[in-house]
Amino acid sequence: MERPRPIFENSKKNTPIVSFERGKIPPQAIELEEVVLGAMMIDKKGVDSVIDILHPEVFYKESHQFIFESIIKLFENTEPIDILTVSAKLKTLGKLEKSGGDYYLVQLTQKVSSSAHIEYHARIILQKYIQRSLIRISSEIIEDSYDETKDVFNLLDTAESKLYDVTQGNIKKSTETAQSLVIQAKRKIEEISNKDGLSGIPSGFPELDKLTSGWQPSDLVIIAARPGMGKTALTLSMARNMSVSKNIPIAFFSLEMSSIQLITRLISSETGLTSEKLRTGNLEKFEWEQLNVKVSALENAPLYIDDTPSLSIFDLRAKARRLSSQYGIKLIVIDYLQLMTASVSNKNGNREQEISTISRNLKALAKELDIPVIALSQLSRAVETRGGSKRPILSDLRESGAIEQDADIVSFIYRPEYYKIDEWDDEERTPSAGQAEFIVAKHRNGGLDNIRLKFVTSLGRFENIEDFDSPFEFQSKINKDGPKFNPDQAFESGNYREDQDDSPF
């Protein structure tokens, strides 16, 4: 290999200034770092402008990291920030000499006269940090890719996770102090008080939302039931409530049904036309008009459906990250957990271990994206063979150990009508026809309860138990038991009102 040749600029002194052809310096903006730190020490507005943009690790020089860290501590304690207080704080932290001493702090303040353009300068510093991070991550990916002992799908997941962290601006999330966490918690409580007490994503079922305060960020929620109980119908009803009524972006991963089947069920639920009518296309003229009018709200809903079969947990995490970055999804639904695979390369492993890997990764995904993840699950046949009550319990979960351990909420759907039971097993012995129970059997951060819901079989939709006079129920009864639906008669009867467009659930 040819050695780099020195370039002589001053022949009299014969002093070589070497230019290495292949030498590279990491992206940096030292002068801007100095300007930003100097501006923060002479103008409080400068601190307010960049305190949420920068963190100590973004600075290239270690001394600048120490200075910014001391400024943050002063800011958190609501103490004044100037050259004297920063110097005193650095002394307290034992980092004054490592930061260049008082003389260097004086030099920083002399480099700038105001905090003008400080935010623009801060964003350039952040960009340089992102570039350095991408170089580091790329080097790690290259090194790992040469390692034959590592699973390629694990490598893909790790690489995508690191790149996702870059886009979120939290590559190295440092440990937070109790003081900063208390401040964040107080702000969150204030926000909750302005949202009718709901801190999470509303399901659209008031009794359930009262119990959970909405589906909480980073929670893994399991909804389990026997086939035919209405797992998909319930989550579709929730997805409709969130995306259509509240305009909340939702991702729905369906491993069992195709995306067209799912959207057809939603159309049935939204328009009040039975699935049978939509399957056959046997619609009256007014029903076609009703279909076109009612489906417009669903068309504009931020609902994203993926029907990839046999989806692996690594593919799911990759897709979820992209949806989060691109559309800002606030909740994920997976239908259903037992149809997933732990990885594409390992299909012959122990199924219980595979389910354990899947549930653990779903919980990790919920924490990573800071959104609730709802996963549907099958129940074992123990429910069917058990004498007496058919109400599910935690031990009925298939491969239940890992699922129960990782989940923040475990719930069941129970419909007595499914087992030909005409009455609830309560003191009043009330009729159970057209009703279901949403059983919260485990709730890590709250109480347990059995919540009654109404199930409209013809439309495959769950409703609140008190909503007995909904326009869709009225229409479905007429379509089933009597003459064709007449909009004028419905308006005259008082069972259908134009202002009820937003209350089908």
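Which residues in α5 do I83, V86, S87 and L90 in α4 meet?

## Two helices side by side

This is a predicted model. In it, the four α4 residues I83, V86, S87 and L90 meet D102, L105, V106 and T109 in α5. Helix α4 covers residues 83–93, and helix α5 covers residues 101–110. The two pack at an angle of about 145°. Their axes lie 10 Å apart. The crossing of α4 and α5 is right-handed.

## The chain as a whole

The chain has 505 residues, and 45% of them count as buried. It contains 19 helices and 11 strands.

How much of the contact between residues comes from positions 24 or more apart? Among contacts with a separation of 6 or more, such pairs account for 67%.

## Nonpolar cores

The largest nonpolar core has 83 residues. W215, I222, I332, I334, L362 and F438 have the most contacts inside it. Helix α10, residues 231–245, gives this core its largest share, seven residues.

Take I222 from the largest core. Leaving aside residues up to four places away in sequence, I222 touches L337, A375, S377, L397, I403, A407, I409, V410 and S411.

## Strand β6, covered on both faces

Is strand β6 enclosed or open? Five of the five residues in β6, which spans 331–335, are buried, so the strand is largely enclosed by the rest of the structure. In a regular strand, side chains alternate between the two faces of the sheet. Both faces of β6 are covered. On one side, L331, V333 and D335 are buried. On the other, I332 and I334 are buried. I332 and I334 also belong to the group with the most contacts inside the largest core.

## Partners of β6

Which strands pair with β6? One is β4, residues 250–254, which pairs with β6 in the parallel sense over five bridges. Within that pairing, F252 has V333 of β6 as its bridge partner.

Another is β7, residues 373–378. Three bridges join β7 to β6, and these strands also run parallel. Here I334 has A375 of β7 as its bridge partner. A375 is also one of the residues that I222 touches.

Terms used
Residues are numbered from 1 along each chain as its sequence is written. This is a predicted model: local features need pLDDT of at least 70, side-chain atom pairs count only at pLDDT 80 or more; totals for chains, interfaces and linings use all residues. Side-chain values use heavy atoms; hydrogens and water are left out. A nonpolar core is a set of buried Ala, Val, Leu, Ile, Met, Phe, Trp, Tyr and Cys residues joined through side-chain atoms within 4.5 Å. Buried means under 20% relative accessible area, exposed over 50%, partly exposed in between (1.4 Å probe, protein chains only). Contact means heavy atoms within 4.5 Å. Two strands pair if DSSP finds at least two bridges between them. Axes are lines fitted to C-alpha atoms, for helices over the stretch in contact, and angles run from 0 to 180 degrees between N-to-C directions. A crossing is left-handed if the near helix is turned anticlockwise from the far one by less than a right angle, and right-handed if clockwise.
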